[in-house]
Amino acid sequence: MAQAAFDVSRDAMRIDLEATAPAASPLFQAIPQRQSTRGQYDGNPLSAGDMRALERAASGGGVQLILLSGKPALERALEFVVEGNRAQVRDKAFVEELKAWIRFSASDAVSLGDGLYSASSGNPSVPSWLGRRMFNVFFTEKGENDKYAKHVRSSAGIAVFVGAGDGKAGWLEVGRAYQRFALQATALGVRTAHLNQPVEVAALRPAFASFLGLPGRRPDLVVRFGRGPTMPPSLRRPVQAVLA
Ligand SMILES: Cc1cc2nc3c(=O)[nH]c(=O)nc-3n(C[C@H](O)[C@H](O)[C@H](O)COP(=O)(O)O)c2cc1C
């Protein structure tokens, strides 16, 4: 059993472990299957029961979850995504960082064991030198915006996570709420993918918060969800490689 809390004096997350009888929960069993699925979904809404299960999973730690669904709300959210995307595609530093995280070839993805494997976004897996050149040609404002429009319009909804305060303790709780949400979605056969442009582009955040009915608050994460096919997964490092 684990009790996790942010320790302000150490500026770190403290996790106390207690011995307990092992029990497999649906969320635990979903861990190996969970992946960010950056493809098109099937456009169908989720049942009220599924929506409630997602809401329950995300609750806790003072995190507020806003679930957007229905055409008008999703179209308005898409406008924020597109505006944020436009700003990011025009930002050289952002594009360079994105490129540095992409693993263009399967061999890079396997040998580095991290980052975003090209095929996970529906792009071809090619040698790294070729992938970088293709990225420079094909990564355009219009191309990205059209892709996000298809992604949002095929989703059942968008979840926005809003932490209790603007600080590390609140951010960690948002991360935990998101992870429970994504694992619950996985257990229900529902896919998820981030759409963080409206919160990553700081200038857009206040208007996005007002659209959510939370003026003055700080939305932290934006995630679309829906049913659809899986994509090739991103690679993960073994636990021993990330825990000292
Ligand atoms: C805080 C946070 C923000 C993220 N933002 C984005 C994003 O804006 N766009 C995106 O495609 N993926 C985003 N991701 C997803 C990561 O790229 C993804 O988790 C990583 O590639 C590992 O893949 P997996 O989730 O399939 O295991 C984000 C992940 C986290 C934890």
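Mentor: We'll take the ring pairs, then the charges over rings.

Mentor: Keep in mind that this is a predicted model.

Trainee: OK. How many aromatic pairs are there?
Mentor: The count is eight. Take Phe161 and Tyr178, an edge-to-face pair. Their centres are 6.2 Å apart, with 90 degrees between the planes.

Trainee: Where do those two sit in the chain?
Mentor: Phe161 is in strand β6, residues 157-162. Tyr178 is in helix α8, residues 168-187.

Trainee: Is Phe161 buried or exposed?
Mentor: Phe161 is buried, because its relative accessibility is 0% and the cut-off for buried is under 20%. Tyr178 is buried as well, at 8%.

Trainee: What about Phe161 and Phe181?
Mentor: Their ring centres lie 5.4 Å apart and the planes meet at 85 degrees, so this pair is edge-to-face. Phe181 has 0% relative accessibility, so it counts as buried.

Trainee: Which residues form the aromatic cluster?
Mentor: Phe161, Tyr178, Phe181 and Phe225 make up one cluster.

Trainee: New topic. Which ring does Arg224 sit over?
Mentor: Tyr41. The charged end of Arg224 is 4.2 Å from the ring centre.

Trainee: And what does Lys147 lie over?
Mentor: The face of Tyr148, at 4.8 Å from the ring centre.

Conventions:
Residues are numbered from 1 along each chain as its sequence is written. This is a predicted model: local features need pLDDT of at least 70, side-chain atom pairs count only at pLDDT 80 or more; totals for chains, interfaces and linings use all residues. Side-chain values use heavy atoms; hydrogens and water are left out. Rings of Phe, Tyr and Trp (its six-membered ring) pair if their centres lie within 6.5 Å; planes under 30 degrees apart count as stacked, over 60 as edge-to-face and the rest as tilted. Helices (H or I, at least four residues) and strands (E, at least two) are DSSP runs, numbered from the N terminus. Buried means under 20% relative accessible area, exposed over 50%, partly exposed in between (1.4 Å probe, protein chains only). A charge sits over a ring if NZ of Lys or CZ of Arg is within 6 Å of the ring centre and within 35 degrees of the ring normal.
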